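Please find below my notes on the model you sent.

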Amino acid sequence: MSLIGTKVTDFKVQAYHNGDFKEVTQEDLNGKWSVFFFYPADFTFVCPTELGDLADNYSKFQLSNCEIYSVSTDTHFVHKAWADASDTIAQIQYPMLADPTGHLARFFEVMIEEEGLALRGTFVVNPDGIIKAYEIHDNGIGRNAEELLRKVQAAQFVHEHGDQVCPAKWKPGAETLAPSLDLIGKL
């Protein structure tokens with residue numbers, strides 16, 4: 001069963017954000033686009049490269065009215081320790097959600113039960129809390145923040161222009177398609 005069109009469950013978790021601990025809930029999603037970016041664990045190998053890539057592109061997501069929430073099954077205390085130990089993680093300005101109970105990982109269907117870790121799952125959520133796009137990777141495969149931003153922008157465009165769709169490799173400002181009988185077999 002697909003998670004597309006599913007409303008994000010109620011949740012309340014601790015986060016490490018800009019040098020402090022804070023609570024993040026489902027209500028924080030209201031009115032803006034969100035990305036849930038699951039990764040297996042702090043103090044690992046591929047994870048800091050991905051989180052650093054997101055940090056490098058975070059301002060672009062903010063310009064698109066999109067908040068990033070990185071999520072692992074570590075606690076918020078471990079997130080802080082990782083930021084204290086790693087120059088890459090110290091640069092992160094988006095909230096790092098703690099999911100030690102696996103509540104979010106199970107809802108988003110990325111929990112590896114026998115390991116207590118999450119798969120690399122990326123979920124684009126609209127301002128109403130509805131999942132509009134997602135992908136799940138094996139834990140050895142890193143993701144690309146620029147491609148994720150493109151997907152967020154395409155989802156936003158389709159949300160705002162319901163009569164148009166975005167073709168492959170679409171970027172803001174590029175031509176879109178208006179589905180019609182006239183296009184069938186012409187592309």
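The points below take the salt bridges in turn and then the nonpolar patch.

1. The model is predicted. A search of the whole structure gives six salt bridges; those discussed here include E50–R143, K151–E135 and E147–R150.

2. E50 and R143 meet through their side chains, with an N to O distance of 2.7 Å.

3. In the salt bridge between K151 and E135, the closest N and O atoms are 3.3 Å apart. This pair links distant parts of the chain, with K151 in helix α5 and E135 in strand β9, 16 residues apart. K151 is partly exposed, at 25% relative accessible area, and E135 is partly exposed at 27%.

4. E147 and R150 form a salt bridge with closest N and O atoms 3.0 Å apart. Both lie in helix α5, three residues apart, or about one turn of the helix. E147 counts as partly exposed at 30% relative accessibility, whereas R150 counts as buried at 16%.

5. A nonpolar surface patch consists of I4, Y134 and I136, which together have about 240 Å² of accessible area. I136 sits in strand β9 (residues 131-137) and is partly exposed, with a relative accessible area of 37%.

Technical notes: Residues are numbered from 1 along each chain as its sequence is written. This is a predicted model: local features need pLDDT of at least 70, side-chain atom pairs count only at pLDDT 80 or more; totals for chains, interfaces and linings use all residues. Side-chain values use heavy atoms; hydrogens and water are left out. Patches are made of residues with over 30% relative accessible area and no salt bridge: like charges are joined within 9 Å, nonpolar side chains (Val, Leu, Ile, Met, Phe, Trp, Tyr) within 5 Å. Accessible areas come from the Shrake-Rupley method with a 1.4 Å probe; for residues, only the protein chains shown count as cover. A salt bridge is a side-chain nitrogen of Lys or Arg within 4 Å of a carboxyl oxygen of Asp or Glu. Helices (H or I, at least four residues) and strands (E, at least two) are DSSP runs, numbered from the N terminus. Buried means under 20% relative accessible area, exposed over 50%, partly exposed in between (1.4 Å probe, protein chains only).
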